[in-house]
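Here is a short briefing on one chain and its ligand. Have the sequence and the coordinates open as you read.

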Amino acid sequence: MLMVGRYHMHFLEEGKWSDCMNEVGENNDCLFCKIVEKKIPADIVYESEDIIAFKDIEPKAPIHCLIIPKKHISTINDIDGSNSNIIGLMYEAAAQLARIFNVDKDGYRVVMNCNSNGGQTVYHIHLHFLAGRQLSWPPG
Ligand code: 5GP
Ligand code: ZN
């Protein structure tokens, strides 16, 4: 095992380094994996086979949800041809949330932060779904 940044890395037999993941793709140290496993409670607003969405604990808008893949992916930098289908499913979930919260006509914003300069604090990719007020641009 090797420490790389905040992660314990394991060398997999197939020759790939991985974030401390078990055989079903959960990261044992990850807050959002624990929410997926229902070990930590969350206000879940949408769930499908591959995706879960729940209310942000510190909302930055009247409606602020986080759309995440059930399988652990740390950052956008880990997206490649083997897993990029999940991004489409996350945007499908965003369109569903827009209908659920009846903000599809008024509008909303989805954003994914990456690493330190992007403002990422939880290292399991998540699409912020923000709605319910006029959002400013550009972001701070
Ligand atoms: P990031 O800063 O990584 O883009 O976004 C992480 C988001 O996760 C933040 O908006 C933060 O409020 C939210 N968050 C952090 N811990 C929890 C938690 O335990 N439960 C929920 N529902 N949201 C959380
Ligand atoms: Zn995770």
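Which residue of S8 does Ile67 stand opposite? Ile67 stands opposite Leu127 in S8.

This is a predicted model: local features need pLDDT of at least 70, side-chain atom pairs count only at pLDDT 80 or more, and totals for chains, interfaces and linings use all residues. Residues are numbered from 1 along each chain as its sequence is written, while chains are lettered from A and ligands numbered from 1 in the order in which they are written.

**Chain overview**

- The chain holds 3 helices and 8 strands; helices (H or I, at least four residues) and strands (E, at least two) are DSSP runs, numbered from the N terminus.
- Along the sequence, the pattern reads β-β-β-α-β-β-β-α-β-α-β.
- Of the 140 residues in the chain, 23% are buried. A residue is buried if 20 or more other C-beta atoms lie within 10 Å of its own, exposed if 12 or fewer, and partly exposed in between, with C-beta atoms placed from the backbone.
- Among contacts with a separation of 6 or more, 51% link residues 24 or more positions apart. Two residues are in contact if their C-beta atoms, placed from the backbone, lie within 7 Å.

**The sheet**

- Five strands form an open sheet in the order S4-S5-S6-S8-S7, with antiparallel pairing. Two strands pair if DSSP finds at least two bridges between them.
- Strand S4 (44-47) and strand S7 (108-111) are at the edges with a single partner strand each, so one side of each has no neighbour in the sheet.
- From one strand to the next, the twist averages 20°. Axes here are lines fitted to C-alpha atoms, for helices over the stretch in contact, and angles run from 0 to 180 degrees between N-to-C directions.
- S4 and S5 are antiparallel, paired over 3 bridges. Ile44 has Phe54 as its bridge partner in S5.
- S5 and S6 pair over 5 bridges, also in the antiparallel sense. Lys55 has Cys65 as its bridge partner in S6.
- S6 and S8 run antiparallel and are joined by 5 bridges.

**The nonpolar core**

- The largest nonpolar core has 23 residues. Such a core is a set of buried Ala, Val, Leu, Ile, Met, Phe, Trp, Tyr and Cys residues joined through C-beta atoms within 7 Å.
- Ala53, Cys65, Ile67, Ala93, Ala94 and Phe129 have the most contacts inside this core.
- Two or more core residues come from each of helix H1 (31-36), strand S5 (51-55), strand S6 (63-69), helix H2 (85-100) and strand S8 (127-131).
- S6 gives the most to this core, with 5 residues. S6 is also mostly covered, with 6 of its 7 residues buried.
- Leaving out residues up to four places away in sequence, Ile67 touches Ile51, Ala53, Met90, Ala93, Ala94, His126, Leu127 and Phe129.

**Phe101**

- Phe101 lies in the loop between H2 and S7.
- Phe101 is partly exposed, because 17 other C-beta atoms lie within 10 Å.
- Residues up to four places away in sequence aside, Phe101 touches Ile63 and Ala131.
- Phe101 and Gly132 are 31 residues apart along the chain, and their C-alpha atoms are separated by 9.0 Å.

**Around ligand 1**

- Ligand 1 has 13 residues around it, of which Ile57, Glu58, Asn113, Thr121 and Val122 come nearest. A residue is near a molecule if its C-beta atom, placed from the backbone, lies within 6 Å of it.
- The shell around ligand 1 has 6 nonpolar, 4 polar and 3 charged residues. Ala, Val, Leu, Ile, Met, Phe, Trp, Tyr, Cys and Pro count as nonpolar, Asp, Glu, Lys and Arg as charged, and the others, Gly among them, as polar.
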